[in-house]
Amino acid sequence: MREYIEEKIKNTTRHFKFGNIAVYQDTENNSTDYSPIFKTLEKSFPSHFFRDLKGVEIAHRKEFDDRNISALYKDDWLYLSDQQDGLEDLLDDLVHEMAHHIETTNSDLIYSDGDIKKEFLSKRKRLEFELNTEGYWTDEYNFSDVQYNREMDNFLYKRVGPNMLRMATANDFIRPYGSISLREYFATGFEAYYLGKKDLLFKLCPVLYNKIDELHNL
Ligand SMILES: [Zn+2]
C-alpha cells in the first residue's frame, strides 16, 4: 500500500526549477506543463528575488475553496492552484504572490521611508471623495487605515461593487484590488511592472514605480 502511494505521488508530481527554487506540480487533475511560464519569468527577475523563497507548490488546497482564492504566499512558500483558466492566469497568480514574497523579505527598503504609504493614502483620499460624490456614505470606514480589513473589503466589493469601484479607481490604481490595502497596492504595481504595464505604472503610481525599479536593480 505504501509503495503504491509513493509510486502514485512520484507519477503525479512534476518537478522543475524556478531560479534555484524547487517547484512541485501535482499533475493528477491537471497535467498542463506550466514550466515554460516559470522559465520565462525567471529571466525577468533579478536573482536576489529568489532569496529566502523555500519552494513553489501547484496543487489543490482546501484554503483555495474556503477563501475563494487561487493562490497564496505563506511561510516563504508560493502556493498556486492546479485549477487555472489558462497559462495567463497562472502567470498572474505567480507574479502576484512573488510580489508578496518580495515585500515581505524587503519590507524595510520598501516601506520604512513611508513614501509608498503616502502615495497610497493620497489615492485613498481621492477614492473616498469620489465615492462621496457618487452618494456613498463613508463615515464608518477608515480610509487612512493601510492594513487589510474585512469591513473595507465588504464595503468596496459588495456595497460599492466591482463596476463602480472600477470607475472610482481608474485614474489612481492599476486595478481596483490595489485600493484594498497597502500590501495589495504594492502587489498590483509589481504585477504591472513585470507584466507589460510599466508605462501605466509610471504614470499612475510614480513613487511605487521607482521603488520597484530600485528593487529590480539592487
Ligand atoms: Zn495579494
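Tutor: Gladly! A crossing is called right-handed if the near helix is turned clockwise from the far one by less than a right angle, and left-handed if anticlockwise. Keep in mind that this is a predicted model. Here, the crossing of helix 9 and helix 11 is right-handed.

Student: At what angle do helix 9 and helix 11 pack?

Tutor: Helix 9 (residues 182-194) and helix 11 (residues 206-216) pack at about 65 degrees, and their axes are 10 Å apart. Angles of 65 to 115 degrees count as roughly perpendicular, so helix 9 and helix 11 are roughly perpendicular to each other.

Student: Which residues meet there?

Tutor: From helix 9 come Tyr185, Phe186, Gly189, Phe190, Tyr193 and Tyr194; they meet Leu208, Tyr209, Ile212, Asp213, Leu215 and His216 of helix 11. The residues of this contact divide into 9 nonpolar, 2 polar and 1 charged.

Student: And how many residues does the largest nonpolar core have?

Tutor: The largest nonpolar core has 46 residues, and Phe45, Phe186 and Phe190 are among those with the most contacts inside it. Helix 9 supplies the largest share of this core, 8 residues. Leaving aside neighbours within four places in sequence, Phe45 is in contact with Phe18, Phe50, Met98, Phe190 and Tyr194. There is also a second, separate core of 13 residues, including Leu127 and Phe155.

Student: Is isoleucine 21 buried or exposed?

Tutor: Buried means under 20% relative accessible area; isoleucine 21 has 6% relative accessibility, so it counts as buried. Isoleucine 21 lies in strand 2 (residues 21-26).

Terms used. Residues numbered from 1 in each chain as written. Predicted model: local features only at pLDDT ≥ 70, side-chain atom pairs only at ≥ 80, totals over all residues. Heavy atoms only, no water. Axes fitted to C-alpha atoms, helices over the stretch in contact; angles between N-to-C directions. Helix = DSSP H or I, 4+ residues; strand = E, 2+ residues; numbered from the N terminus. Parallel < 35°, antiparallel > 145°, perpendicular 65-115°, else oblique. Contact = heavy atoms within 4.5 Å. Nonpolar A, V, L, I, M, F, W, Y, C, P; charged D, E, K, R; others polar. Core = buried A, V, L, I, M, F, W, Y, C linked by side-chain atoms within 4.5 Å. Buried < 20%, exposed > 50% of the residue type's maximum accessible area, 1.4 Å probe, protein only.
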